[in-house]
Amino acid sequence: MSSEITKAVIPAAGLGTRFLPATKAMPKEMLPVVDKPAIQYVVEEAAAAGLTDLLMVTGRHKNALENHFDRMTELESLLEKKGDHDRLAKVRHPTRLADIHYLRQGDPLGLGHAVLRAKMHVGDEPFAVLLGDDLIDIRDPLLARMLVEQGARNASIVALMEVDPSQIHLYGCAAIEPTDDPDVVRVTGLVEKPSAADAPSNLAIIGRYVLRPEVFDVLEHTLPGKGNEIQLTDALQELATTPDATGGVFGVIFRGRRYDTGDLLNYIKAVLRLAVDREDLGPDLRPWLQDFVAGFD
């Protein structure tokens, strides 16, 4: 296996039904978070961590993703003639982030199936998986730490975050053992969306993974689980319980800023949280928000 990880898989085949009618003709990954589509934040994070070979697993009606990361010479020429160099740089930026490939998932059989579709592209080397619903603040790097841990432990690495026990049923949940590092744990078991009573901890799996290629062999015989879909969590459970053969699974506990864009309310919160921290928007937006909220008192 390669000692330097350069490949990442970004599943992007979902229909985005929670955002209808906005996603009737627009991929949910292209919904703007302030002034960039959500998927661009994910690609920027991967590129910042040194991942230069990205595979997006897409579906029908996702051509806008390819267009966004492709050159648009007519627009670039127009902006250049106008001397609008700031917008020109913003238009060119996503086209230069990484070498991006596209593959259709075909049957919508779940996250595990989408990852399995990447087998031919990834080959026999570790790789990252980034889910587009979770945006990680660039000021709180997570992926780079996970890559370091994968190299040091030669294991599969998942990102974990403490959540309120009442919310654990929304996530995959990890049973863990401590290591000598308070931010790294050994994962001994994984449960997909357990009830609060059945959850082994309040550590939820969030949308970042760095996986050994053995996960593909496991996914090939993983049966559909919750939702009648092939669950990546179920495959990771097998890796976690066979550490001698697969290196096991470790978790990096993330304590930074994460923006959930998976449902409408959290999407709106993410836009506001990112906007108030912007130097060009925050100074005017923060006092307006304070006045707006005060009006409800």
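The following exercises, with worked solutions, concern a predicted model.

**Exercise 1. The surroundings of Asp35**

Determine where Asp35 is found, whether Asp35 is buried, partly exposed or exposed, and which residue its side chain joins in a polar contact.

Solution. 
Step 1. Locate the residue: Asp35 belongs to the loop that runs between strand 2 (32-33) and strand 3 (36-37).
Step 2. Classify its accessibility. The relative accessible area of Asp35 is 43%. Buried requires under 20% and exposed over 50%, so Asp35 is partly exposed.
Step 3. List its contacts. With residues up to four places away in sequence not counted, Asp35 touches Lys90 and Arg278.
Step 4. Examine the side chains. Those of Asp35 and Arg278 are joined by a polar contact of 3.0 Å.
Step 5. Asp297 is 262 residues from Asp35 along the chain, and their C-alpha atoms are separated by 31 Å.

**Exercise 2. The largest pocket**

Describe the volume and the lining of the largest pocket.

Solution. 
Step 1. The volume of the largest pocket is about 1700 Å³.
Step 2. Its lining consists of 49 residues; Lys28, Leu111, Leu131, Asp133 and Glu229 lie nearest the centre.
Step 3. Among the elements that give two or more residues to this lining are helix 5 (111-116) and helix 9 (232-240). Strand 11 provides the largest share, with four residues.
Step 4. Sorted by class, the lining has 18 nonpolar, 17 polar and 14 charged residues.

**Exercise 3. The second largest pocket**

Identify which element gives the largest share of the lining of the second largest pocket, and describe that lining by class.

Solution. 
Step 1. The second largest pocket holds about 970 Å³ of space.
Step 2. It is lined by 37 residues, and Lys36, Gln40, Tyr41, Glu44 and His93 are the closest to its centre.
Step 3. Helix 1 contributes the largest share of this lining, five residues.
Step 4. The classes number 19 nonpolar, five polar and 13 charged residues.

Note on methods:
Residues are numbered from 1 along each chain as its sequence is written. This is a predicted model: local features need pLDDT of at least 70, side-chain atom pairs count only at pLDDT 80 or more; totals for chains, interfaces and linings use all residues. Side-chain values use heavy atoms; hydrogens and water are left out. Buried means under 20% relative accessible area, exposed over 50%, partly exposed in between (1.4 Å probe, protein chains only). Contact means heavy atoms within 4.5 Å. A polar contact is a pair of N or O atoms within 3.5 Å; within protein, one must be able to donate a hydrogen and the other to accept it, and residues adjacent in sequence count only if both atoms are side-chain atoms. On a 1 Å grid over the protein atoms alone, a cavity is a set of points where a 1.4 Å probe fits but cannot get out, and a pocket is an open set with protein on both sides within 12 Å along at least five of seven lines; lining residues have an atom within 4 Å of a point. Grid points are joined across faces, edges and corners, and a volume is the space filled by probe spheres set on the points. Ala, Val, Leu, Ile, Met, Phe, Trp, Tyr, Cys and Pro count as nonpolar, Asp, Glu, Lys and Arg as charged, and the others, Gly among them, as polar.
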